[in-house]
Amino acid sequence: MAVTASILYNLVECHQRVALDAFGDPARRDEVSAFIRLLWERGTLFEQQTVANLQIPFVDLSDVSELDRERLTLDAMTNGEPLIYGGRIRAGDLLGKPDLLRKELGGYVPGDIKSGRATEGGNEDHGGRPKRHYAVQLGLYVDVLERLNFSAGRRAFVLDIQGDEVEYDFSGSSKLWGD
């Protein structure tokens with residue numbers, strides 16, 4: 001079983017859920033609630049609107065089959081495409097589907113589009129700290145890019161509901177990478 005960003009997100013939220021997803025009886029699983037479906041729909045709509053408003057050309061792999069998406073993502077990175085939407089990256093047992101891969105000096109930086117705020121616990125003077133459950137997802141993408149020798153460094157970004165681009169720094173004294 002591949003380690004994905006979804007698994008890591010769920011691990012931060014609830015260890016038991018990950019265990020039940022892997023080893024539990026699927027017939028005993030609760031139905032997805034209408035509220036959760038609404039949140040998913042809201043997130044999908046926000047992502048579509050955000051992508052529609054991007055100011056630079058991009059390679060769109062969002063409608064490509066899963067089998068071809070990984071190969072085409074690697075091809076796009078090898079060709080130095082400035083922005084890739086809907087890619088799929090894998091290194092060993094790590095599998096990631098970052099919303100965006102942006103070409104920067106030295107390689108690519110992964111990004112996710114979130115229909116929530118990118119930080120928590122902030123106030124007027126301080127924007128807050130990165131959300132841990134977003135960080136584990138982005139950290140996985142950074143790790144995969146490093147293993148593939150396509151990384152521009154230990155950082156990633158979130159485009160959030162407020163229209164902000166928030167950097168997630170995994171380098172140096174940051175605790176995010178260790179977490």
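The legends below describe close-up views of a predicted model.

Local features are given for pLDDT of at least 70 and side-chain atom pairs for pLDDT 80 or more, whereas totals for chains, interfaces and linings use all residues. Residues are numbered from 1 along each chain as its sequence is written, and side-chain values use heavy atoms, with hydrogens and water left out.

View A. Strand S7 (residues 107-113) runs parallel to strand S10 (residues 155-159), and 3 bridges join the two; Gly 111 has Phe 157 as its bridge partner in S10.

View B. Leu 138 lies in helix H5 (residues 132-147), a helix being a DSSP run of H or I of at least four residues. Because its relative accessibility is 0%, Leu 138 counts as buried (under 20% relative accessible area, 1.4 Å probe, protein chains only). Beyond its neighbours within four places in sequence, its contacts (heavy atoms within 4.5 Å) include Gly 111, Phe 157 and Tyr 168.

View C. Lys 131, in the loop between strand S9 (129-130) and H5, is buried yet has no salt bridge (a side-chain nitrogen of Lys or Arg within 4 Å of a carboxyl oxygen of Asp or Glu). The nearest side chain of opposite charge, Glu 120, is 5.6 Å away, while the side chain of Lys 131 reaches the backbone oxygen of Arg 117 at 2.9 Å.

Note on methods: Buried means under 20% relative accessible area, exposed over 50%, partly exposed in between (1.4 Å probe, protein chains only). Lys and Arg count as positive and Asp and Glu as negative; His and the chain ends are not counted. A polar contact is a pair of N or O atoms within 3.5 Å; within protein, one must be able to donate a hydrogen and the other to accept it, and residues adjacent in sequence count only if both atoms are side-chain atoms. Two strands pair if DSSP finds at least two bridges between them.
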